[in-house]
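Look at the model first, then read on.

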Amino acid sequence: MNYLPIFVDLKNRSVLVVGGGHVAVRKIDALLKAGASVKVVADKLHSSLQSLTDEGKVEWIAKTFEASQVTSSYLVIAATDDNTLNQLVFETAESQQRLVNVVDDQPRCSYIFPSIIDRSPVQIAISSGGAAPVLIRLLREKLEALIPHNLGAMADIATRWRSAVKTQFPQLTQRRRFWEKLFTHQSFQRLTENHQIEQAEAVLEAELHNNNPVLGEVSLVGAGPGDAGLLTLKGLQTIQQADVVLYDALVSEAILELVRRDADKVFVGKRAGKHSVKQEDTNQLLVKYAKQGKRVVRLKGGDPFVFGRGGEELEVLKAENIPFSVVPGITAALGATAYAGIPLTHRDHAQTAMFITGHLKPDGSQLKWETLAQGNQTLVVYMGMIKAAELSIELQKHGKPSDTPVAIISNGTLPNQQVQTGVLSELAELAENAPTPALIVIGEVVKLQKELEWFGKEAVQFVSTQETLWKQAA
């Protein structure tokens with residue numbers, strides 16, 4: 001993050017603008033909207049700026065720049081076409097530890113002006129740190145079309161009623177639920193869109209005295225195999241409404257960045273051979289937070305119901321009479337193999353696909369090796385790296401040819417995804433050298449990986465590039 005995005009209160013604060021041309025006029029217009037006390041240094045003034053000076057809205061303090069003018073200024077802007085003068089203003093401001101912006105000269109800016117979407121008092125600022133202004137303009141145009149114009153009216157109403165709502169709902173969670181319900185209330189939205197503010201406030205008052213108890217709930221959300229772009233829209237909406245997010249070790253940092261900033265994030269990961277949170281402890285955390293009236297999300301890599309122990313967690317919630325929901329995710333077998341260019345089924349090679357896990361309960365039944373070793377099927381093994389040698393031996397023992405193609409996909413769908421291929425007899429050796437987390441794929445379809453490898457690499461690179469661009473734009 002090259003710049004920290006902040007909003008500055010400029011009401012009645014002195015801002016020095018060096019320059020009197022049309023560029024200075026643009027900056028001064030924004031400063032005046034923010035309530036700044038604008039002082040101008042310029043040899044001559046643009047006609048628009050002269051009018052503002054005549055009306056007493058701007059003070060023309062001098063024709064030449066002097067260091068003393070910076071001392072009494074809160075912010076400084078250099079908006080001239082004189083490079084030497086701009087440099088002098090920059091150096092003077094820096095020496096006095098004043099924030100300075102030299103227009104259209106990023107290296108000589110200690111702060112920058114973002115592109116603004118104004119729904120006062122709601123404001124959205126967008127910046128690329130000067131890297132891609134045209135991209136920011138295009139993004140702003142899209143957001144302007146998407147963001148409703150009644151946001152400002154809703155925010156004004158919320159400001160006036162904030163104290164009353166706080167009195168009625170002393171707990172933070174209660175207030176959050178109230179505002180979320182109000183801001184999505186169809187009548188409230190329609191009335192604010194039509195500028196019927198009194199009627200909209202009547203809706204608010206009615207909802208304020210509708211004393212519905214605040215109930216906690218738990219949502220199991222599949223985070224997908226790693227790439228944040230594979231998170232479903234409903235999954236994104238759910239995690240952004242959460243008060244608490246319990247996440248496992250397979251949830252990527254990019255997805256955790258999408259969690260609401262003020263939500264509590266609790267790690268409850270389980271990894272083979274490493275310190276893990278017991279499933280029973282995770283279950284009790286879900287119950288505890290839900291009984292506190294919070295919206296809880298159990299965020300799982302892949303899909304909650306594919307080796308995610310989601311069913312066990314729901315059984316506990318059901319027993320405690322806690323409301324729950326499930327948001328499916330793209331499981332690793334689908335995401336990682338697609339990005340690696342390995343189809344799970346193919347008319348010539350595999351008519352079925354089977355997902356298994358390398359981990360069972362201590363008292364769990366043995367795998368049915370005869371079924372797993374049959375031909376014309378793709379075998380996908382989750383959490384099987386530790387038992388790769390056993391997999392290789394048992395499958396060959398039960399009839400699987402030793403030259404059956406195999407692949408190990410590490411960090412599936414992420415920019416650092418790696419795919420190692422070989423044959424079944426080499427599986428243990430491949431597993432020893434493969435980064436984790438990893439997925440094992442066994443079957444004739446793996447032979448297609450080299451042919452389709454271009455697609456897999458390009459898909460990862462494209463998604464990674466797009467994420468980078470949008471992060472820069474935002």
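## Handedness of a crossing

A crossing is left-handed if the near helix is turned anticlockwise from the far one by less than a right angle, and right-handed if clockwise. By that rule, the crossing of α6 and α7 is right-handed.

## Confidence

This model is predicted. The protein chain has a mean pLDDT of 89. A pLDDT of 70 or more is reached by 92% of its residues.

One stretch needs care. For residues 462-474 the pLDDT is below 50. The model still gives this stretch 18 contacts beyond near neighbours in sequence. Where pLDDT is low, predicted coordinates should not be read in detail.

## α6 against α7

Helix α6 covers residues 151-168, and helix α7 covers residues 172-183. They pack at an angle of about 145 degrees. Their axes are 12 Å apart.

From α6, the contact uses Met154, Ala158, Trp161, Arg162, Val165 and Lys166. From α7, Arg175, Phe178, Trp179 and Phe183 take part. Of the residues in this contact, 7 are nonpolar, 3 are charged and none is polar.

## α7 against α9

α7 also packs with helix α9, residues 197-208. The angle is about 140 degrees, and the axes lie 11 Å apart. The angle is therefore one that makes α7 oblique to α9. This crossing of α7 and α9 is right-handed.

In α7, the residues involved are Phe178, Trp179, Lys181 and Leu182. They meet Leu204, Glu207 and Leu208 in α9. The contact of α7 with α9 has 5 nonpolar and 2 charged residues, with no polar ones.

Note on methods: Residues numbered from 1 in each chain as written. Predicted model: local features only at pLDDT ≥ 70, side-chain atom pairs only at ≥ 80, totals over all residues. Heavy atoms only, no water. Axes fitted to C-alpha atoms, helices over the stretch in contact; angles between N-to-C directions. Helix = DSSP H or I, 4+ residues; strand = E, 2+ residues; numbered from the N terminus. Contact = heavy atoms within 4.5 Å. Nonpolar A, V, L, I, M, F, W, Y, C, P; charged D, E, K, R; others polar. pLDDT = per-residue confidence, 0-100. Parallel < 35°, antiparallel > 145°, perpendicular 65-115°, else oblique.
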